[in-house]
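Work through the exercises below with the sequence and the model side by side. Try each task before reading its solution.

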Amino acid sequence: MGSLVEVSKLTIAAGDATLVDALSFTIRPGEVLALIGESGSGKTTTALALMGYARHGCRIAAGQVRIDDIDVLKLDARQLRALRGRKVAYIAQSAAASFNPSRCILDQVVEPATLHGTLTRAQAELQAIALFRELALPDPEGIGARYPHQVSGGQLQRLMAAMALITDPDVVILDEPTTALDVTTQVEVLRAFKRVVRERQVTAVYVSHDLAVVAQMADHILVLRGGRMQELGGTDRVLAQPAHEYTQQLLAAARPVARDSGHQAGSTPALLEVSGVGAGYGARDAQGRPKVCILQDIDLRLERGQAVGVIGESGSGKTTLARAVAGLLAPSAGAIRFDGQPLAPTLAERSKEELRRIQIVFQSADTALNPSQTIENILARPLQFYRGLKGAALQRRIAELLDLVKLPATVAGRLPGGLSGGQKQRVNLARALAAEPELLLCDEVTSALDTVVGAAVLDLIAELRRELGLSILFISHDLHTVRAVCDEIVVMRNGRKLAQVARPDFDRGPHHPYYEQLARAVPELRRGWLEELDQPRPVRVVA
Amino acid sequence: MTVLSIPLPDGRRAAWRRRLAQFGPSGLLGLAVLSFWLLAALFGPALLARSGAHGGAAVFAPISAEHWLGTDYLGRDMLARVIEGARYTVGVALVATLLASTTGTLLALLAAASNRWIDGTLSRLLDTLTAIPSKMFALLVVAGFGSSVPVLVITAAIIYVPGAFRIGRSLAVNINAMDYVTVARTRGEGTWYVMRREILPNILGPMLADLGLRFVYVVLLLASLSFLGLGVQPPMADWGSLVRENIGALADGGASVIAPAAAIASLTIAVNLAIDNLPGRKARERGAR
């Protein structure tokens, strides 16, 4: 059997820069090829080129893309319109941004079929309902009548897959379809995708930066870096015996490495004590409860030098907890004690010294660094503000900080826009460290980063902890990450604390069922994990 | 008066030259025209051979060696009238625009960075001001305080503060929600620091573009006030009233109406060219995307 997709010497350029450099690969019918690499490696650019599309400012400079017997790059605009959505379909990362919020879902799902004239409206609706059922969507007959905001993110992602599959396309491109989802939702979506791909014999290109996800879906893996192919091989082979050094790095970053600081529980006094804290937004009623309760009755104890992880899906209140500790949101109930002293509820009531001792590091370094200040100014401010440093002493300290987070001294004069995501996150950390804090609140610090870069930042945090004796409250939705750096894990859901698990018990049950569910939902770096998940699990006997 | 010339250190002079070079050809053109009019407003009348108040020549005379821009409807020298008018237009309009934009931006920053009470009070107060028709407001002020240059400047500034405030606030509110502003707050920074160092640099680009537009509006407002007899009082005239006075020459294409109109156009274009090419602004636009 020949190949369905044939890409040879594909080169894509933007101005003088080459984004994709002479890339060649083939996909046979019914196979799934994964494009994997860090951001900026050209994986999405390559996937879009399969539809004959180059993003604004980019152009396809050379090469050939054949799908079936069509030379995609030679088509004119009208022929491309006929190809897209009919022969090649695209599933984007953010389904929420891809649906029109003012039209009902069914209208949008059947649109490709009616537009290309492959089915009549009535047939298309039947086909859509069949797809909804295959994708394990609840209420397949009725869900089409809803609007995009009335279904969850994971459901929307599956609805988008239905929209792509309704024309029975030859090739489907999935561009990071689960990256924006929680782990538990991700599993559901992956499971649905896997089933459809298997049953319909779909030929697909799966773009992702997550090797563990790719291991579940792909037959072949193509590793990209800087627009060049590093390695191409069967999934089993690439996972078991990565030939290229970069693939080995990727694999190493994807495997959880415990970064143990050797902290013994109970060996140091408590630094942060949160007791019975509740918080929320809106006007308060007679009992002092806010209109919308985000947090309820949270107890937490963090010892000096300890790292405590707070984990939960989005909307579980974990970020609100950090905001309450930082003083950005006054708790409506309970008390927060820091180093034995009660902590005032709002920023205005806390002393400068109290503020200095607790520093917060935000998720997205893009919005956490002022784009109009140089790195030097960003780092200088806390030093001037808390320590009153000036002149040579200030310069020396800035250089020390950059060195501490392993950035070259040359970045000092640059603006944040000129740095990569990982570098920005390091500056973000350095700014917090400039205040010489005792407690660092890390809010999803690695979730906007690629696996390799994220692992490097985690290494850095673990190292800083050892060297500076920092205590860390680490907030994340990724159990993987939390297990890697934390001594204890607090599990939250719907604003309540469900369980607290210490490091020795991470892998030893029994745990709260929700923790078990989270733990199981983290994809493992081997094939067949997704299938095993569906089989009934043996009942574990507790000794 | 002795003029002190302070020699700049070489490094600083080089930095100035570099900064000027960053303006690019169109920006430098704008700067040149702008500084020409500023100098004309400051020193022009002193250098003129005859004052614009002297009449007696032929009415609507064409361009000649004696009258470089012809004469107006009373036979006064047009060049002198335009140069003297620069004082009013450049002075009143530029000062009023700067005053309006600066005040508007400052209030916008305060509204965005402080609590919602201050925000609400400021927003509603300035909304009330917008509700009063601008010409009516000017009429009231001039009727109450008489027409003089300071009154005109302040009136024009007050009329255009709410617009600058609205734009500035909508920009600043977005910046205020950014994590770096939250970080500054958790550091314990005061409102003034947050306004000045964290928010202002990030809204400066659009605010400057707005200033350029607003300048055009103020020139138009002054011209229409003069038309109503509320602006600069005859025999002195700003460019807007020069156009109105000599509108009779338009049918013949007389220089007396074209000259002040061209002066208004050149000044507004120059202001916008200079602002659009500010070095920092271009760099930020490049850096942001």
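**Exercise 1. Count the helices and strands of chain B, and say how many of its residues are buried, in percent.**

Solution. Start with the count: chain B has eleven helices and zero strands. Next, read along the sequence. The pattern is α-α-α-α-α-α-α-α-α-α-α. Now turn to burial: 42% of the 289 residues of chain B count as buried. Last, look at the contacts in chain B with a separation of 6 or more: 69% of them come from residues 24 or more positions apart. Keep in mind that this is a predicted model.

**Exercise 2. Find how confident the predictor is in chain A, and where pLDDT stays under 50.**

Solution. Take the mean: pLDDT averages 84 over chain A. Then take the share: 97% of the residues of chain A reach 70 or more. Over residues 539–543 of chain A, pLDDT stays under 50. For that stretch the model has three contacts beyond four places in sequence.

**Exercise 3. Describe the open sheet of four strands in chain A, and name the strands at its edges.**

Solution. First, the order: the strands run 12-11-14-15, with antiparallel pairing. Strand 12 (290–303) and strand 15 (341–342) of chain A each have a single partner strand, so one side of each is left without a neighbour in the sheet. Those two strands therefore stand at the edges. Strand 11 (residues 270–284) of chain A is joined to strand 14 (residues 333–338) of chain A by five bridges, and the two run antiparallel. One residue pair to find is Gly278(A), which stands opposite Ala333(A) in strand 14 of chain A.

**Exercise 4. Which strands of chain A form a hairpin with two residues between them?**

Solution. The strands are strand 19 and strand 20 of chain A. Strand 19 covers residues 488–493, and strand 20 covers residues 496–502. Six bridges pair them in the antiparallel sense. Check one: Glu488(A) has Ala502(A) in strand 20 of chain A as its bridge partner. Then inspect the turn, where Asn494(A) has a positive phi of about 50°.

**Exercise 5. Is helix 11 of chain A largely enclosed by the rest of the structure or left exposed?**

Solution. Find helix 11 at residues 318–326 of chain A. Nine of its nine residues are buried, so helix 11 is largely enclosed by the rest of the structure. The buried residues include Lys318(A) and Arg323(A), as well as Leu321(A) and Val325(A). After the helix comes Gly327(A), with a positive phi near 90°.

**Exercise 6. Is Val197(A) buried or exposed?**

Solution. Val197(A) sits in helix 7 of chain A. The cut-off for buried is 20 or more other C-beta atoms within 10 Å. Val197(A) has 22 C-beta neighbours inside 10 Å, so it counts as buried. Beyond residues up to four places away in sequence, Val197(A) touches Val32(A), Val202(A) and Ala204(A).

**Exercise 7. How many residues does the contact between chain A and chain B take from each chain?**

Solution. The contact takes 19 residues from chain A and 15 residues from chain B. On the side of chain A, helix 12 (352–357), helix 13 (365–368) and helix 14 (375–387) each supply at least two residues. By class, that side has twelve nonpolar, six polar and one charged residues.

Methods:
Residues numbered from 1 in each chain as written. Chains lettered and ligands numbered in written order. Predicted model: local features only at pLDDT ≥ 70, side-chain atom pairs only at ≥ 80, totals over all residues. Contact = placed C-beta atoms within 7 Å. Nonpolar A, V, L, I, M, F, W, Y, C, P; charged D, E, K, R; others polar. Pairing = 2+ DSSP bridges. Buried ≥ 20, exposed ≤ 12 C-beta atoms within 10 Å, placed from the backbone. pLDDT = per-residue confidence, 0-100.
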